[in-house]
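Welcome, and please open your viewer. We will go from stop to stop, with something to select at each one.

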Amino acid sequence: MSTGQFSVDGETAIITGSSSGIGKSIAERFAEDGVDVVVCSREQENVDPVAETINESERPGRALAVECDVTDREAVEALVEATVGEFGGLDVLVNNAGASFMADFDDISPNGWKTILDINVTGTYHCTHAARESLKDGGGSVINMASVAGQDGSPLMSPYGAAKAAIINLTTSLAVEWADDDVRVNCIAPGYVATPGVESQMGVSADAIDREEVARRIGTVDEIADVTQFLASPASSYVVGETITVRGVPQIGEDLDV
Ligand code: NAD
């Protein structure tokens, strides 16, 4: 049996929040598979090195670095325009940009609440809404990055959990609305992933993670890129409106704070 259906070769993708962590890994993976990628984040100086590394490598996909704050609608419109201008269209949108902070619910200010909802939920809305015409032109794919925090609750990160729950719900609604346009909308809910931030917070090293070990509760950015590639590829053609949990061993009867 062929394995070609697992490839995204020849597509064009925007990966928001791709200056570091999971987004950077997805951009590198897509480019490795022959996808032209638009890497974006709030600061140009943070996305330039990611694009340069891709363009200077043997990866067949090309990279364009664009400064874009996903909470700024005009910047998001410009991001989509730059993508279509450079690569002629847009096939895959990965809404990966996200942020959080830890605090008791009692101490969360209206501004703190709004900031987290704006980046995670409204940012996802802006990017998806601004890209709608391009995505519907030829049948595209949207992959939203939620979290198990949006499924289980998230003590001490309640705005983040609420935001990620909203993203999971939006995924289902939009998947139905856009199915007739041949756009698939899906979502990934990771558990702990050893990004630089999580490495320093938890005192772990991504290098020490053994993919062959099943009994884990921390994954690598590559493992999230794998699932993202699957959801972007024709191999997942019958997966629509789903949230795929990627968290290792299920946590049963324990508090969660991812
Ligand atoms: P990260 O901090 O390394 O990456 C987040 C990216 O989003 C960065 O590039 C950052 O610059 C960007 N970003 C933040 N605010 C932005 C804005 N307003 N506009 C544009 N870009 C913005 O973190 P990560 O762990 O790689 O997280 C990526 C996604 O995965 C996030 O949505 C996060 O919630 C989710 N997630 C991560 C974990 C984990 O354990 N690392 C677990 C579950 C879900």
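## Salt bridges, then the ligand

Counting a salt bridge as a side-chain nitrogen of Lys or Arg within 4 Å of a carboxyl oxygen of Asp or Glu, the structure has 11 salt bridges. Keep in mind along the way that this is a predicted model.

To view one of these pairs, select K114 and D118. Their side chains form a salt bridge, with 2.7 Å from N to O. Side chains of opposite charge can pair when their charged atoms come close. Now show helix α4, residues 110-130: both K114 and D118 belong to this helix, four residues apart, or about one turn of the helix.

Next, select the ligand. Where does the ligand sit? You will find it in the largest pocket. Around the ligand there are 27 residues, and S19, S20, I22, N96 and Y160 come nearest. Color this shell by residue type and you get 13 nonpolar, 11 polar and three charged residues. Then show helices α1 (21-32) and α7 (158-179), each of which supplies at least two residues of the shell.

- S20: an N or O atom of its side chain is 2.8 Å from an oxygen atom of the ligand.
- R42: here the distance from a side-chain N or O atom to a ligand oxygen atom is 3.5 Å.
- D69: a nitrogen atom of the ligand is 2.9 Å from an N or O atom of this side chain.

Taken alone, the ligand exposes 820 Å², and the protein buries 88% of that.

Note on methods: Residues are numbered from 1 along each chain as its sequence is written. This is a predicted model: local features need pLDDT of at least 70, side-chain atom pairs count only at pLDDT 80 or more; totals for chains, interfaces and linings use all residues. Side-chain values use heavy atoms; hydrogens and water are left out. A residue is near a molecule or strand if one of its heavy atoms lies within 4 Å of it. A polar contact is a pair of N or O atoms within 3.5 Å; within protein, one must be able to donate a hydrogen and the other to accept it, and residues adjacent in sequence count only if both atoms are side-chain atoms. Accessible areas come from the Shrake-Rupley method with a 1.4 Å probe; for residues, only the protein chains shown count as cover. On a 1 Å grid over the protein atoms alone, a cavity is a set of points where a 1.4 Å probe fits but cannot get out, and a pocket is an open set with protein on both sides within 12 Å along at least five of seven lines; lining residues have an atom within 4 Å of a point. A molecule sits in a cavity or pocket if more than half of its atoms lie within 2 Å of its grid points. Ala, Val, Leu, Ile, Met, Phe, Trp, Tyr, Cys and Pro count as nonpolar, Asp, Glu, Lys and Arg as charged, and the others, Gly among them, as polar.
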